[in-house]
Amino acid sequence: MTKGSIIGVDVGGTFTDLVMVDPATGAIRLAKVPTTLDNQAYGVLSALESAEADLGAVDLIVHGTTTTTNAVLERKLSRTGLITTMGFRDVLELGRRTRPQAYGMKGEFRPIIPRDLRLEVPERMDAAGEIVTPLDEDALRAALQTLLDEGAEALVIHFLHAYANPAHERRAAEIAREVWPNDHITCGHELLSETREFERGVTAAVNASVQPLLERYLARLRDELAGQGYAGDVLVMNGNGGMVSSKRVAREAAKTVMSGPASGVMAAAYTGRQAGEPNLLTYDMGGTSTDVALIQGGAPPVSNEIEIEYAMPIHVPMVDVRTVGAGGGSIASVNAAGLLEIGPESAGATPGPICYGKGGTRPTISDANLLLGRLNPGRLAVEGGVSLEDVRGIFADMLGAPLGLSPEEAAEAVIRVANAKMAGAIRMVSLSLGADPRDFALFAFGGAGPLHAAALARELGVPRVLVPARPGITNALGCVVADLRHDYVQTVNQVLQTADMATLHTVFATQEAAGRAALAAENIEILDTEVSFSADMQFIGQSHLVRVPLTSANPSREDLQKGFEAAYWDRFGVELAQIRAKVVSLNCSVIGTSDPVDLSVLIGAGESLQPVETRTVLFDGTPYDTPVYWRDDLPEGATIEGPALIEQMDTTLLIEPKCTARRDPLGNLILEVRP
Amino acid sequence: MSLDPITLSVIQAGLAQVCDEMDMSFSRAAFSPVIAEANDRSDGIYAAEDGALIAQGAGGLPVFVGTMQYSTRVLIERIKSGQTPAPKPGDIYIVNDPYLGGTHLMDVRFARPFYRNGEIFCWLSNTGHWPDTGGAVPGGFSASATAVEQEGLRLPPVRLFKEGVMDEEIYAIICSNIRVADQRIGDVKAQAAALKVGETRLNALLDRYGDDVVRAAIAELRARAATQMRRLIDEIPDGSYSSTAWIDSDGVVNEPLAIKLRIDKTPGHLRFDFAGSAPPCQGPMNSVLATTLSSVYLAMRHIFPEVPISAGAFEPLEVIRPTGTFLDAQYPRPVSGCAAEVSQRIAEAVFAALVEALPHRVTAAPAGTSGNFALGGHDPETGRDFVMYQLSGGGYGGNADHDGLANGCSTIGISKAPPVEIMEQNFPVLYHRYALREGSGGAGRHRGGLGLDYELELRRGTARASFVMDHGRFGPQGALGGSDGAVNEVEITRDGESYRPEHLSKEQDIPLAAGDRVRVKTPGGGGYGDPEERDPKLTAEDRRLGRQ
């Protein structure tokens, strides 16, 4: 049987990207169209149209979506009611007693569910899971009726200590299902059965309040696709970097909030494995922000503790991607100390940098790149009528005059300070995960990433940069190369010395069985199944956790002790033989791998190494005649000495002096950065 | 040497990075949840000659904003005068003496000389809040101490590490005088390791830019930070601004303590005069000078968060030493309340004085108490003694932009409160409510944020409850016509009988038996602006949601 094409389509904040691969012929098609915010399906359809996809010949569509993320950030949520333990309806609004920033006593917070839709019923478990107050079923029925009368569409049932004993939540859900008109019912213990009522409650509340939206969106998308002859299933990227059927994904909708960033990191991990670079620091610089992740041994890190904005924790296993602030639109200014600052303000997508010609009047990182010749002035927004002279004038007035620099010097200063700050932020992410950035290669993607990659690598002491063939559509590629994946976390809280090892082994066995069953239920062809285990551990009395990778589902006490000591030493350089260790939770990931995609089809190889033009670019105040190459023209094995620029449809790569770029057989560019 | 502004910016970022990496290393390796989870710690770089603050980590606890430069200066002076032995490379001094530039005894500071070419280039120092340093009550917050000796072990600067090796004899003395000593080794190692991280990173910075360039940059950054602060405070019209803030009592004598503040603004200069404030008190609500200064600095940083923390930023802020008041406590006055409570009331005085001059920057008064409720007892089920702390937030002040935040962290802290589920896992208590305190926000065009209302029950055994809170007598001040927020309330129900502490917000060792309950309602924030000007839609929404 011949296999049909696979399509990956990712909806981002600005663009919807598509990659279509025909495994039989190796043919590939790409598309990039504007995202349609009100209904993302239109953007998806127009991307398919742009790629001239014949949906009848497509086997699989994998979709990365920001539907749920946007809904949460903008609070455009389904009307959702909460039923919780008597005395605790305000937990979702009280949070953990914080403020948005360390300094400045202002701040606002909008809870996911408004107070009038948060109701209480008599019931109570204690921390051991013993019933203190039985569930008052009459009160529950009355509360359900109140929420229905108030027009609630989705329901959250969230009781204290349900992770220790979910009996009341289960019974309450059973009763709710008798009267609730749909199946949008989320119980607190279902998504991640861990202690901490605020985090578990917010996760459940997010899940319920995006569930109807995601379900409706996907149903509409499936209908539209079916109307165009598509007979297969639509899979959705989850935040853990695995795909799930669109018919089931809404059940655990909260898991899709990191869908886009997770796809990008999955693509990076895949590309790195193929290119022989299993340890990567990924760096995705867009217009408003930069996302960073750390890939070790070819596998992206998964965390259970993502916070998507102030006081909005989503505690389900998701790829650990951190947002570090600066993007191409970050604004440069001179502060009252006469020092240059970059950000935190951003010109965003509107009005955007000056060079977009959409009304931006303040200097940004992108404008600085343009002024220095690093971005192609030919691409200046024509409609807005902004000229290079306009940009230069603004740099002269707002930065050059107060700093005593020429406009070009000011632009170089912007880039230098921005790079120093971004490198610092990337370093902090790396260190917080216990890794030295110098042990990694930098994987640069996103529209603005490759322009800064060489400088950042130098700043971080990273010797090598990998720029994939299509940096601007990395997320869509992630959809194509993704595996099926299911993650499980179980809180056990046992002192290692006295832990019942058989119980721990049973937890792993149960998790693995659940994962294998879930894979089987997907009804998608799997090449191989990989199962991995880890334990989250700490010294007794401590609050931070250290993840200890395990090689088997039946580790001995000594395996855990030794693994923990080694992981702790790696991370902190401290050994504490006198203090006992504790196993807090056990984790299991079950991954169904799919057919590998040949990356070399992403970009063709050219014939000869000829620059398309030569442009004057400033480096350290010195103008260099800098050759500009068109990426698609580069022949295999091409080696280019810096300074040089390599342009392509969706990004520009800057090869600084004292750097060498080489095109590898897969079409990646490998940049060697010399000190 | 003249430096271009770009090199300056880059070195400034580099120095900040060194401190941030020390902060991270300290928190992540620390044992004490107070440090690891609550970030009750801070790391910084201080000048070799006078201890002036060069850079401090952005994630440090706000109240430490100015204390370590003071303690480092005292250490340098003592070394010069021979009172303290001179250092060798690899030495680390430990000190927690409040009168030598500290806060309370639980804040333990480490200081490590940083050498370049055999000379001390600067000092690296950090502070961590230890869960216990001995004294009358576990945790150190005795509400009725009358001398510092009752508050715990006091350490003058001594070299705990000598040429990289810990002095086991000094450590043994410390361990014999503090509770849960077996876990402290984890904090000591983390605190020392953080300074080592700082040393490595600072060496890298100096190797890259050169010692002379960095030294010149430090001097230039200091001058520029002063300029930046001067420009910002010039948003305040010249003139005098006064305010008064009140502490309920000192915990021993039941009388309010006044903080009288007069701020004189002249071009580029603010002068803070606390003359007329209450004299030193018998109980632990005294503040040492370092903490008083630090409280002024942190209040100004809340108003101008864009200024990085450095000695230069403090230069235009002149604080007249409040000699003879409880804000300049001398040995042996007890001081355990200074960092957690008095500091917040000093900040409130600064806010109240400046809110009219800076109506868009300054908020009405926030709840301004750490809400410390300690419960120590014996759990018959586990057969072990326990000490539990419930720190709680309160409402923030209304402000020009919006209503105050509900249940915000103390003005001087940045830590998360522990979840009810974790408390119930670890201690024999059952919470009956953990809720917004309805009606607690001070009325105003933008009302104050709501406080917290919680109630818990002791399930087994016996225990003693202690409270070190504030704003029980007077609510957080409203501003520009807004009303005060609701006062802090503590209610204990023993054997069915209700009881309120005589000092309202402070009392020690109240005996509880199984079934007894404690209910605490924390203050709401002060209101901002005339309540008549409030948008009727907001009023209606508050009513609909049962907030007011």
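## About the model

The model is predicted, so local features need pLDDT of at least 70 and side-chain atom pairs count only at pLDDT 80 or more, while totals for chains, interfaces and linings use all residues. Residues are numbered from 1 along each chain as its sequence is written, and chains are lettered from A, with ligands numbered from 1, in the order in which they are written.

## A covered helix in chain A

Helices (H or I, at least four residues) and strands (E, at least two) are DSSP runs, numbered from the N terminus. Among the buried residues are Thr474(A), Gly478(A) and Val481(A), and the cover over H13(A) includes strand E1 (5-11) and helix H8 (259-275) of chain A.

## Where chains A and B touch

The contact between the chains takes 59 residues from chain A and 70 residues from chain B, two residues being in contact if their C-beta atoms, placed from the backbone, lie within 7 Å. On the side of chain A, helix H11 gives the largest share, 9 residues.

## Two domains in chain B

Chain B has domain 1 (5-226) and domain 2 (363-548), with bounds that come from an automatic or database domain assignment. Their C-alpha centres lie 33 Å apart, and their contact takes 14 residues from domain 1 of chain B and 16 residues from domain 2 of chain B.

Technical notes
Buried ≥ 20, exposed ≤ 12 C-beta atoms within 10 Å, placed from the backbone.
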